[in-house]
Amino acid sequence: MPLNRRPPVAKPPSPEQVLELLERGEISPTEAFALWRRLDRPEALEPAPSPAPRVEEIMRELDALVGLGQVKRLVREIQAFVSIQARRAREGLVSEPMVLHMIFRGNPGTGKTTVARLLGKILRESGVLEKGHVVEVERADLVGEYIGHTAQKTREQLRRALGGILFIDEAYSLARGGDKDFGREAIDTLVKAMEDQKRDLILILAGYQREMSGFLHANPGLRSRFPLHLDFPDYTVEELLAIADLMLRQRQYRLDAEARRQLARRVEEERANPFTADNSGNARLVRNLIERGMRRQASRLVEEGDLTRDQLMTIVPADLEGDD
Amino acid sequence: MRECLIIGKPNAGKTLFFLNFAQYLGLRHLWLAAGGPSLPLDRARRELVDDRPHRTLDLNRVVVRVPAGKGRKSTVLTDTAGLGDDINADPAIRQAMARTLRAIREAELILHLVDVAALPGSVSAPGPVDREVAAFARHRGGYAVLANKMDLPEARDGLSRLGEVLPGEPVIPISARLGTGFPRVRAFVRRWL
């Protein structure tokens, strides 16, 4: 890959060189911090290869996820928009202020957190977020027990997420207790932070489809502040089996033909059962089945003497049968 | 183990806070970075603390245990040399400041002491270096401003003026001498362990 190097610029001093200047009495502590801050800003870093290859790499990681067609398209759109806005800004054109707060709707285990992590990385590489880390929180992390506690807790989480993404799971639970509930205070603090820190923080509200729609309906102010909505549909049986294959490959296991059929049957059963349907479309079910299969296989094999490499890798129907 | 760093301008009260807060968390003796036998805290207070600036030049560390959940978690509490706004004429003090800066770069948790009772223009009055420290530290893990010397009458005005120097930072008012505000500091530290 050709390195797309910019012409070398005067190398900024390293953090350690700044300290030497301080020790020699050439700069004051005040100036030392100012230099460090300039050093830590991405544009002051070494004349690095253009960030594009990194973004492509992460995009490939995203594409490698099973299913999620609409989500992938939207993430590509966001990335394209971000990079064009940056190019426009370089040309001195008016660049649209980007509001990238998002709503993720879908059942547990449909890839919401995974996509949030990848988005964080993409936005860091594109220079939108300074760090791109994801801070995952839920109601208990935001809502306090007495007046004033909630705003304090919420601000704390906001601060942890600064430069990255604050991912609020089951966000509707903030509106659970009605007007007297401290959840309201958490929402207000979040909204205020969104106005104040448009640039260095992205909020993602996540949760079940139905509950999220109700939550946004009841809080019209929030709706307009979260322009991007991503739906995470349940995985189809075929997609779940593809995920299973991927998981097995990574762990260097495989299913024999009958075990594979059995896994498919099992997933379909869960899907048909109205009591488990909400959780059946998710990768977690598959992972649990496979991890249990790996444990069962181990207890089946541990008593035996000579084992071939093949036996050590293969999961048979008996390993997948029954419940825990 | 995580390190909790106490920083601030000379004479902001860092060492007295270091000793009294460590005592509040249950510590009775400490060993100094310079060596020597263990020192009971009341003697340490007599020997390490007075009202001259730049008394502390070494990074003095103690391990303290903070209640967390059902058990307790250990953290290193570190006292540092004060940071002035300007270039200091004494090479030993400049070296000490460089040590402080190096520690700031690595710390997970920073308690930034400011002297809100200082008269404007005095050596410990909140100034440019406080602003720079805050701008540098606020994005790195835990960071809180402790408005010290609240036991002095001048502190009320000083606290209200602090917003001009450090707008938007979370501030915990304390008195290192009397131990007021320590429960809030402990709660803050605990959250970051």
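Predicted model: local features only at pLDDT ≥ 70, side-chain atom pairs only at ≥ 80, totals over all residues.
Residues are numbered from 1 along each chain as its sequence is written, while chains are lettered from A and ligands numbered from 1 in the order in which they are written.

Chain A contains 16 helices and seven strands (DSSP runs numbered from the N terminus: H or I of at least four residues for helices, E of at least two for strands). Of its 324 residues, 33% are buried (20 or more other C-beta atoms within 10 Å of the residue's own, with C-beta atoms placed from the backbone). Two residues are in contact if their C-beta atoms, placed from the backbone, lie within 7 Å. Among contacts in chain A between residues at least 6 apart in sequence, 73% join residues at least 24 apart.

At the interface, 17 residues of chain A are in contact with 20 residues of chain B. Helix 1 (15–23) and helix 2 (29–40) of chain A each supply at least two residues of this side of chain A, and helix 2 gives the largest share, seven residues.

A nonpolar core is a set of buried Ala, Val, Leu, Ile, Met, Phe, Trp, Tyr and Cys residues joined through C-beta atoms within 7 Å.

| Core | Size | Residues included |
|---|---|---|
| Largest | 62 residues | Leu5(B), Ala22(B), Ile110(B), Leu111(B) |
| Second, separate | 48 residues | Ile58(A), Met102(A), Leu142(A), Phe182(A) |

The four residues listed for the largest core are those with the most contacts inside it.

Methods:
Buried ≥ 20, exposed ≤ 12 C-beta atoms within 10 Å, placed from the backbone.
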